[in-house]
Amino acid sequence: LEQLSAFLRGHSKSDSGTGNSDEVEADTSPFDDELENRFRNGCLTILEQSQVTTVARIKALINWTAIWLAYMQHHRSVVSLGGPPAPIVFDCFGGSSQLRRASQRCLKDAMNSIVEATHRTEPDIPRAARNAARGFFWASAASIGLLNAWRGRRHFCFSVDALETIVLAHVAKDDELPFERFVHEVLYAKLGFVVGRQAADDADLLTSIDASIFEDNEAALAEQMAAAGLLKQYSDATRMVASRGAA
């Protein structure tokens with residue numbers, strides 16, 4: 001927190017006197033739509049996770065803000081261009097070149113959409129500013145572990161921190177959610193992240209990628225979450241996601 005405070009202090013403008021007003025806030029009009037409510041609900045769920053440490057909750061709030069900003073930037077860019085919300089393919093097991101290429105293509109398409117949407121909204125904006133908008137997306141995704149690397153051939157994946165944050169933001173304290181519902185109702189329906197077969201079918205991806213690949217992808221995610229303490233498998237083969245295993 002001290003490091004964060006020092007960073008913000010060093011990169012912020014300080015008021016020289018009293019009585020200064022926030023002109024940026026006054027000129028800002030929030031959408032106040034379901035997308036923004038989703039962010040608010042995630043923050044509330046994180047803050048209510050009293051079983052985890054205060055540090056873990058602060059970290060989750062910062063990570064959740066970055067995850068939501070990246071999702072929101074991509075979502076609104078695609079919609080502003082007249083298209084439906086575009087799903088993002090995540091490669092969780094690295095066993096399929098088809099899946100890896102699809103994930104890499106999603107990253108490229110997302111960045112192109114952001115640049116094009118920025119240009120259409122503000123035609124006179126400098127090219128450097130458009131590139132900065134694109135850079136904000138991929139850098140946010142990389143910093144919170146939604147990309148495999150900062151440079152080189154990048155694709156979407158999940159780090160443990162990213163998974164912990166998503167679970168803390170969507171699964172209430174002392175509650176559990178079946179893994180299959182988490183994959184479809186949280187990752188896909190709320191965040192647009194395609195992992196399993198059902199989401200791939202809904203996103204019309206099974207015409208180009210075999211369904212078994214997404215089944216293996218979902219199984220790999222379950223193993224990753226179980227290793228992180230975010231998923232528990234019961235004797236009757238029921239798999240439940242819970243925030244109790246978060247740090």
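**Notebook: strands and salt bridges**

I started at E4, which 3 bridges join to strand E5 (residues 239-241), the two running antiparallel. Strands here are DSSP runs of at least two residues (E), helices runs of at least four (H or I), numbered from the N terminus; two strands pair if DSSP finds at least two bridges between them. I looked up Lys 232 and got Met 240 in E5 as its bridge partner.

This is a predicted model, where local features need pLDDT of at least 70, side-chain atom pairs count only at pLDDT 80 or more, and totals for chains, interfaces and linings use all residues. Residues are numbered from 1 along each chain as its sequence is written, and side-chain values use heavy atoms, with hydrogens and water left out.

Next I traced the sheet: 3 strands, open, antiparallel, in the order E2-E5-E4. E2 (177-178) and E4 (231-233) are the edges with a single partner strand each, so one side of each lacks a neighbour in the sheet.

Then I went through salt bridges (a side-chain nitrogen of Lys or Arg within 4 Å of a carboxyl oxygen of Asp or Glu). I got 10 by this rule. One of them pairs Arg 239 with Glu 180, closest N and O atoms 2.7 Å apart. Arg 239 sits in strand E5 and Glu 180 in helix H8 (residues 179-188), so the pair ties together parts 59 residues apart in sequence.

I also checked Arg 76 and Glu 36, whose side chains meet at 3.8 Å, N to O. Arg 76 is in helix H4, Glu 36 in helix H3 (residues 34-47), 40 residues apart. Asp 33 and Arg 40 join these two in a network of salt bridges.
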